[in-house]
Amino acid sequence: MTAIDRPLLAVLKGKARERPPVWLMRQAGRYLPEYRALREQKGGFLELVNDSEAAAEVTLQPIRRFGFDGAILFSDILIIPHALGQDLWFETGEGPRLAPRLADSELAELVPASARLDPVYETVRRVRAELPAATTFLGFAGSPWTVATYMVAGQGSRDQGETRRLAYGDPARFTHIVDAIIALTVEYLSGQIEAGVDAVQLFDSWAGSLSPAQFDRWVVEPNAGIVAALRERHPDIPVIGFPKGAGGKLRAYVEGVKPDAIGLDETVDPHWAAEILPADLPVQGNLDPLALIAGGAALDAAVDAILDAFAGRPHIFNLGHGILPDTPIAHVERLLDRVRGTTA
Ligand code: CP3
């Protein structure tokens with residue numbers, strides 16, 4: 001199978017297309033009735049992730065329904081803290097919890113329990129076997145900074161304050177945590193690649209909370225290390241970097257990390273991005289998930305503005321962040337028609 005057979009993979013390798021390929025972050029999830037039904041039946045989110053047959057089914061659900069150009073592995077970025085020894089659970093209506101939280105504990109050993117990642121590789125093999133040949137299969141991991149914010153606080157936090165304090169106050173200890181995440185993430189993404197994904201995305205959801213110098217140290221450096229290690233092991237596998245909220249530091253990210261493609265969040269002006277980023281660098285994004293919820297003329301206008309700004313360069317159409325659970329399915333269909341040019 002060559003890149004030519006998979007439009008999204010071809011764009012990741014630098015080929016512009018007349019119509020951009022499209023997938024949506026969090027496309028497998030709660031806005032889909034078939035996802036909610038299976039999750040109910042299996043008992044919860046983590047039960048789904050660790051049941052490879054069910055996780056493969058959930059990965060394929062949005063492909064069957066919408067024919068997206070990309071399928072993203074169904075898992076979570078917090079599988080890595082779990083594999084580094086923290087307990088992981090989800091509080092209904094609140095979100096993830098990790099224990100013991102590293103803000104309280106003494107220098108944690110963080111010994112990898114790699115067997116906790118095995119169900120994910122099995123999911124990848126099952127999806128690969130069933131995926132249409134033209135669909136690009138994306139693996140992923142969280143970036144070290146974002147993953148560390150959950151490990152330190154033991155949960156999501158408004159401004160990542162505790163983790164930023166630790167990073168300034170005890171950089172040696174924080175380096176130890178980040179290095180452990182880097183090492184396991186390289187192993188984890190290599191495992192996904194060896195099991196069958198075509199490309200991988202690094203989600204840095206909280207990259208936006210750091211000052212420029214801290215951004216260089218905790219976002220650019222660790223992601224650069226991961227990209228370099230993967231490129232050495234798997235030179236043909238593209239890496240998409242997604243530093244959400246990086247704003248004016250986007251160019252520093254691109255120059256320092258050297259990803260094969262860059263994900264843009266919805267706050268980035270696509271015309272500005274097209275101007276400041278290298279013309280041959282594939283871009284992914286960046287529709288506001290709320291424009292998708294609004295639908296109608298507001299959605300059409302927002303889609304057209306993005307198509308227009310990125311016309312002629314390698315572009316993958318996506319949201320600027322994950323699809324929200326109350327997104328109407330009819331609006332996703334409208335978006336796809338618009339991007340594919342199948343309606344007026
Ligand atoms: O994109 C996909 O469809 C693939 C699967 C995927 C999930 N999480 C499934 C999930 C991916 C790529 C992620 C990434 C992820 N997880 C990020 C980075 C991207 C982002 O959204 O910023 C982060 C920060 C997490 C951590 C996480 N996982 C939180 C904060 C939560 C709770 C909030 C929420 O959205 O429910 C999760 C749970 C989670 N991960 C769900 C899904 C489908 C919802 C679980 C459920 O209730 O069914």
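Leaving aside its neighbours within four places in sequence, which residues is Leu-138 in contact with? I noted first that this is a predicted model, and then read off Gly-70, Ala-71, Ile-72, Leu-73, Val-197, Ala-199, Val-200 and Gln-201 as the contacts of Leu-138, its neighbours within four places in sequence left aside.

**Entry: the core.** I looked up the largest nonpolar core and found that it has 98 residues, with Ile-80 and Leu-138 having the most contacts inside it. Helix α9, residues 171-195, gives the most to this core, namely 8 residues. I set beside this the general remark that nonpolar side chains in soluble globular proteins tend to be buried together.

**Entry: strand β4.** I then turned to β4, where 7 of the 7 residues are buried, so the strand is largely enclosed by the rest of the structure. In a regular strand the side chains alternate between the two faces of the sheet. For β4 I found both faces covered, with Thr-136, Leu-138, Phe-140 and Gly-142 buried on one side and Phe-137, Gly-139 and Ala-141 buried on the other. Strand β1, residues 70-72, pairs with β4 in the parallel sense over 3 bridges, and there Ile-72 has Leu-138 as its bridge partner. The pairing of β4 with β5 is also parallel, over 5 bridges, and in it Gly-142 stands opposite Phe-203.

**Entry: around the ligand.** I counted 22 residues around the ligand, of which Ala-28, Gly-29, Phe-45, Phe-203 and Ser-205 come nearest. The elements that give two or more residues to this shell are β3 (95-99) and β4 (136-142). By class, I have the shell down as 10 nonpolar, 8 polar and 4 charged residues.

**Entry: the annotated positions.** Ser-205 lies in the loop between β5 (199-204) and α10 (212-233), and I put it down as buried because 23 other C-beta atoms lie within 10 Å. Leaving aside neighbours within four places in sequence, Ser-205 is in contact with Thr-146 and Lys-244.

His-321 is found in the loop between β9 (315-319) and α15 (329-340), and it counts as buried because it has 23 C-beta neighbours inside 10 Å. With neighbours within four places in sequence again left aside, the contacts of His-321 are Met-25, Lys-244, Asp-265, Glu-266 and Pro-289.

Methods: Residues numbered from 1 in each chain as written. Predicted model: local features only at pLDDT ≥ 70, side-chain atom pairs only at ≥ 80, totals over all residues. Core = buried A, V, L, I, M, F, W, Y, C linked by C-beta atoms within 7 Å. Buried ≥ 20, exposed ≤ 12 C-beta atoms within 10 Å, placed from the backbone. Helix = DSSP H or I, 4+ residues; strand = E, 2+ residues; numbered from the N terminus. Contact = placed C-beta atoms within 7 Å. Near = placed C-beta within 6 Å. Nonpolar A, V, L, I, M, F, W, Y, C, P; charged D, E, K, R; others polar. Pairing = 2+ DSSP bridges.
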